[in-house]
Amino acid sequence: MKQISLLGSTGSIGTQTLDIAAEYPERFAVTGLTAHANMELLAEQVRRFRPQVVAVGDEQRRRELLTRLSDFAALPEILVGESGYCTVAAQAPAEVVVTGIVGCAGLLPTLAAIDAGRDLALANKETLVAGGAVVMPRIQAKGVKLLPVDSEHSAIFQCLQGVPERGLGRIVLTASGGAFRDWPAERLAQATPADALKHPNWVMGAKITVDSATLMNKGLEVIEAHWLFGLDYDQIQIVIHPQSIVHSLIELVDTSVIAQLGWPDMRLPILYALSWPERFATPWRPLDLTQVGTLTFKEPDHERYPGMRLAYRVGRAGGTYPAVLNAANEEAVAQFLQDKVRFLDMPRLLEATLDAHETTSVPTLDDILAADRWARQYVRFLVDRLGASVLI
Ligand SMILES: NC(=O)C1=CN([C@@H]2O[C@H](COP(=O)(O)OP(=O)(O)OC[C@H]3O[C@@H](n4cnc5c(N)ncnc54)[C@H](OP(=O)(O)O)[C@@H]3O)[C@@H](O)[C@H]2O)C=CC1
Ligand SMILES: CC(=O)[C@@H](O)[C@H](O)COP(=O)(O)O
Ligand SMILES: [Mn+2]
């Protein structure tokens, strides 16, 4: 029986992780949960999975959760805020911590899990993008395992099993193309949040779905892959694959190419991160290529989607630039979802923020957190004081 704790249990990754725990009760026990605002769902999860400790966004939510669980005998310890998330990550008795918090808010809880010697099933890509320079050395120092959950990185990790040292040449990350892949370029200026939230293949949280629509998600995944697999940026390529059936590919030094295929369903990468190095049998619908019919691939359009180029630029530059790109993107997406900026303003805000940033070349955790705060404030400044339209 593997004990797992789950950060971000009320989100898309969180609920699918709990679906797996429910499907394999003899394999997994859930000992810790965190949620931010959704106390209705967290209360249901507590009743069903009986964790020992949970953490919620603030004191008011703690009171709401207590009210919702007033008739429940096996009440967990209920902690509050960022320190509460870190305590769940570090102290819930668990072999592996699933990181399903969205955004750089996951960075400190992830570090707390590493410091406590927990293996990570990592979905929260923003943590590696912003904090890879401090996260990776700590992972190595503590000797914990870093198991990718993001579908492309899980695919690469699966393809890499059995590949000898120095056998890998490069990797190819596949991208669906996002919500606007079939839109003419001139329509993008009118794209609304509701339009951007219609992902063609995956059902996910709002932030990552907007990132898919801007292709920023793929840019973040390039930086995530750099840290996860220790690759130079020249070894990481992006290919548009509208069907999302080939989840990514690796090319070996002898030019052999290995790919991992499956339906677009996050349960498989989550299960693999939890079962690795084993494979658990599932009753899930097997992939049928005759139903899929056609698999197509094409070059990404960097003029239309500048986020990918920005990601390569900050990844190569290093320092605090990736943390700034990530934080500026989180803020720009939040502003877009509130209808305060337009779809095409988002990459402009990122570029203007990067141009204004003075990096620290070998960043400490404090440098990264400070850069994150600065970038969010700078984007808000651009939007509130100047109006995003001046960026055009
Ligand atoms: N969804 C997917 O299929 C995939 C997601 N990922 C990555 O996984 C992560 C989670 O994505 P997803 O599940 O879609 O996101 P969701 O928005 O669906 O869920 C986010 C979770 O984080 C919690 N949360 C939100 N803000 C905070 C905060 N400030 N502090 C602590 N917890 C917070 C939410 O709590 P509450 O709801 O209670 O407010 C919720 O539990 C992201 O980094 C994403 O990029 C990667 C690959 C695929
Ligand atoms: C499911 C998953 O891993 C997402 O990151 C997905 O890749 C998003 O789809 P895009 O390919 O559109 O970015
Ligand atoms: Mn992905």
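Me: Which residues is L274 in contact with, leaving aside its neighbours within four places in sequence?

Reply: L274 is in contact with K2, I4, I20, F28, V96 and A121. Keep in mind that this is a predicted model.

Me: OK. How many residues has the largest nonpolar core, and which have the most contacts inside it?

Reply: The largest nonpolar core has 111 residues. Those with the most contacts inside it are I4, A89, L120, A121, L274, A328 and A332.

Me: Switching to ligand 1. How many residues surround it, and which are the closest?

Reply: 28 residues surround ligand 1. The closest are G8, G11, H36, M204 and G205.

Me: Which elements give two or more residues to that shell?

Reply: Those are α1 (12-23), α6 (125-142) and α9 (206-214). Helix α1 gives the most, with three residues.

Me: And how do the shell residues divide into nonpolar, polar and charged?

Reply: Twelve are nonpolar, twelve are polar and four are charged.

Me: Which domains does the shell around ligand 1 draw at least three residues from?

Reply: Domain 1 (2-148) and domain 2 (163-263). Each of them gives at least three.

Me: What does UniProt list for "binding site" with G205 in it?

Reply: The unreviewed entry lists T10, G11, S12, I13, N38, N124, E126 and G205.

Me: Where is G205, and what does it touch?

Reply: G205 sits in the loop between α8 (193-196) and α9. Not counting residues up to four places away in sequence, G205 touches G11, S12 and V102.

Me: Why does G205 count as partly exposed?

Reply: Because 17 other C-beta atoms lie within 10 Å of G205. Buried would need 20 or more, and exposed 12 or fewer.

Me: What about N38, where is it found?

Reply: N38 is in the loop between β2 (28-34) and α2 (39-49). N38 is partly exposed, because it has 17 C-beta neighbours inside 10 Å.

Me: Now ligand 2. Which residues are around it?

Reply: D150, S151, E152, A175, S176, G178, W202, I208, S212, N217, K218 and M266. The elements giving two or more residues are α7 (151-160), α9 and α10 (216-229). By type, this shell has four nonpolar, five polar and three charged residues.

Me: Which residues does the UniProt "binding site" annotation with D150 cover?

Reply: The unreviewed entry covers D150, E152 and E221. They are spread over 72 residues of sequence, yet they cluster in space. Their largest C-alpha distance is 8.5 Å.

Me: Is D150 buried or exposed?

Reply: D150 is buried, because it has 28 C-beta neighbours inside 10 Å. D150 is found in the loop between β7 (146-148) and α7.

Me: What does D150 touch, not counting residues up to four places away in sequence?

Reply: D150 touches A123, K125, E221 and E224.

Me: And E152, why does it count as buried?

Reply: Because 28 other C-beta atoms lie within 10 Å of E152. E152 lies in helix α7. Leaving aside neighbours within four places in sequence, E152 is in contact with L173, T174, E221, H247 and S248. E221 also turns up among the residues that D150 touches.

Notes: Residues are numbered from 1 along each chain as its sequence is written. Chains are lettered from A and ligands numbered from 1 in the order in which they are written. This is a predicted model: local features need pLDDT of at least 70, side-chain atom pairs count only at pLDDT 80 or more; totals for chains, interfaces and linings use all residues. A residue is near a molecule or strand if its C-beta atom, placed from the backbone, lies within 6 Å of it. Helices (H or I, at least four residues) and strands (E, at least two) are DSSP runs, numbered from the N terminus. Ala, Val, Leu, Ile, Met, Phe, Trp, Tyr, Cys and Pro count as nonpolar, Asp, Glu, Lys and Arg as charged, and the others, Gly among them, as polar. Domain bounds come from an automatic or database domain assignment. UniProt positions are given in the numbering used here, feature names are shortened, and annotations may be inferred rather than shown by experiment. Two residues are in contact if their C-beta atoms, placed from the backbone, lie within 7 Å. A nonpolar core is a set of buried Ala, Val, Leu, Ile, Met, Phe, Trp, Tyr and Cys residues joined through C-beta atoms within 7 Å.
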